[in-house]
Amino acid sequence: MRAAVTVGEGAMRVVDVPEPGAPAPGEVVVRPEAVGLCGSDFHYFLGHIGSVPDSQLYPRILGHEAAGIVEGVGPDCPARLHSGMRVAIWPVTPCGHCYPCRIGRSNVCVNLRLVGVHRDGALQERLVLPAAQVFPVGQQPPAVAALIEPVSIAVHAVARSRITAGEKAVVFGAGPIGQAVAVAAVDRGASVLLVDPVPSRLERGRATGAESLVVEDGGDPLAAAREWAGGDGPQVVFEATGVAEVAGTAVELVSQAGRVVVVGLSSHEVPLRVADLAFKEIDMLGVSCCSADEFDEAVSLVSRRQDALAGLVTHEFPLEQAPEAIEYAIGHPAEVMKAVIRLEDA
């Protein structure tokens, strides 16, 4: 069968690989139909992923944002799973023994293993997965169903924020994750302001139900965001850019006793005024992967809000063009919201 294999830093090739065997007890065989490319894939492709030792980086089949068709069901799988059904892949495998796992937060397992990061992912024509990692999605189109994984990060971020109906939230970054956060927050009854320097992203973001603020070159969004929030400022600020300085802006902007939720990834140090953390008594919260229950909630959210989320998919490529696709997506961030690799005809 065919697979897009990352063979080294900045190098991906579409090659023949062995077919998987029959599913063992508790496993299923999935034929991927659509696989989204995200920032984590870009980091891995470029060799900038810190959670995998250099000696184990390559070769690797990427792809953790995926939807596909179940083609085989092993013994002892849940009765709800059967061949021919479309599923989304929850890529998380916790160890079950570490401190986070013991306190019910296995999504931040110390020994976490992710499909497409620590084991081969969905940029291949078939793969075998534990039954617990596939979630039926009904008749959702494949490219839309592939959005469930990034939307699950937004569901987790909004849960961490404890946002409630009537509260105001500012989301820095109108990329796929930022827009998914806006959809999830609006779904809870919050008022949301999306902030981004790229007008085309904010134009797409209107479908989320959020208001928008364009940040001009060298501009300071603080005054405008404060004016939008009114009163004491927004109760919640989401940092979804991965730009270190924005985390400091979020701390400065959020209201007293508010919550700052960091969703964007960056290896850079963050400049913070420590007194703001103390005197404002804010909660500064990180976001990693989601739980199984939150992934199931994301399945439902994507089904309800396809109108707002389907437009995030701006580019589609066949599997044979996966190397060109990832390079194009990395090189055109303002143009590409979400690139999806299609495998339906594989």
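**Reading a predicted model: sheet, helices and burial**

Q: Where does residue Ala22 lie?

A: In this predicted model, Ala22 is found in the loop that links β2 (11-16) and β3 (27-37).

Q: Is Ala22 buried or exposed?

A: A residue counts as exposed when its relative accessible area is over 50%. Ala22 has 71% relative accessibility and therefore counts as exposed. The chain also brings a residue from elsewhere in the sequence into view here: Val128 is 106 residues away along the chain, yet 8.2 Å separates its C-alpha atom from that of Ala22.

Q: How do the strands of a sheet pair, and what is the order in the open sheet of six strands?

A: In general, the strands of a sheet are paired through backbone hydrogen bonds, in either a parallel or an antiparallel manner.

Q: How many bridges join β12 to β13?

A: Strand β12 (residues 191-196) runs parallel to β13, and four bridges join them. Asp196, for instance, has Val214 in β13 as its bridge partner.

Q: Which helices pack on these strands, and at what direction?

A: Helix α4 (residues 148-161) packs on the sheet, where it touches β14 (236-239), β15 (259-262) and β16. The direction of α4 makes about 145 degrees with that of β14. Helix α7 (residues 222-229) lies across β11 (168-172), β12 and β13, and runs at about 155 degrees to β11.

Q: Is Gln179 buried or exposed?

A: The cut-off for a buried residue is under 20% relative accessible area. Gln179, in helix α5 (residues 176-187), counts as buried because its relative accessibility is 1%. Leaving aside neighbours within four places in sequence, the contacts of Gln179 include Leu194, Arg201, Arg204, Leu312 and Met337.

Q: Which residues of helix α12 are buried, and where do they fall around its axis?

A: In helix α12 (residues 322-331), the buried residues are Ala322, Pro323, Ala325, Ile326 and Ala329. Viewed down the axis of α12, these residues fall within an arc of 165 degrees, so they line one face of the helix.

Q: What do the buried residues of α12 pack against?

A: They pack against several elements, among them β1 (2-8), α1 (39-45), β17 (313-318) and β18 (338-342). The list also includes β2 and β3, the strands on either side of the loop that holds Ala22.

Note on methods
Residues numbered from 1 in each chain as written. Predicted model: local features only at pLDDT ≥ 70, side-chain atom pairs only at ≥ 80, totals over all residues. Heavy atoms only, no water. Pairing = 2+ DSSP bridges. Helix = DSSP H or I, 4+ residues; strand = E, 2+ residues; numbered from the N terminus. Contact = heavy atoms within 4.5 Å. Axes fitted to C-alpha atoms, helices over the stretch in contact; angles between N-to-C directions. Buried < 20%, exposed > 50% of the residue type's maximum accessible area, 1.4 Å probe, protein only. Arc of directions from axis to C-beta.
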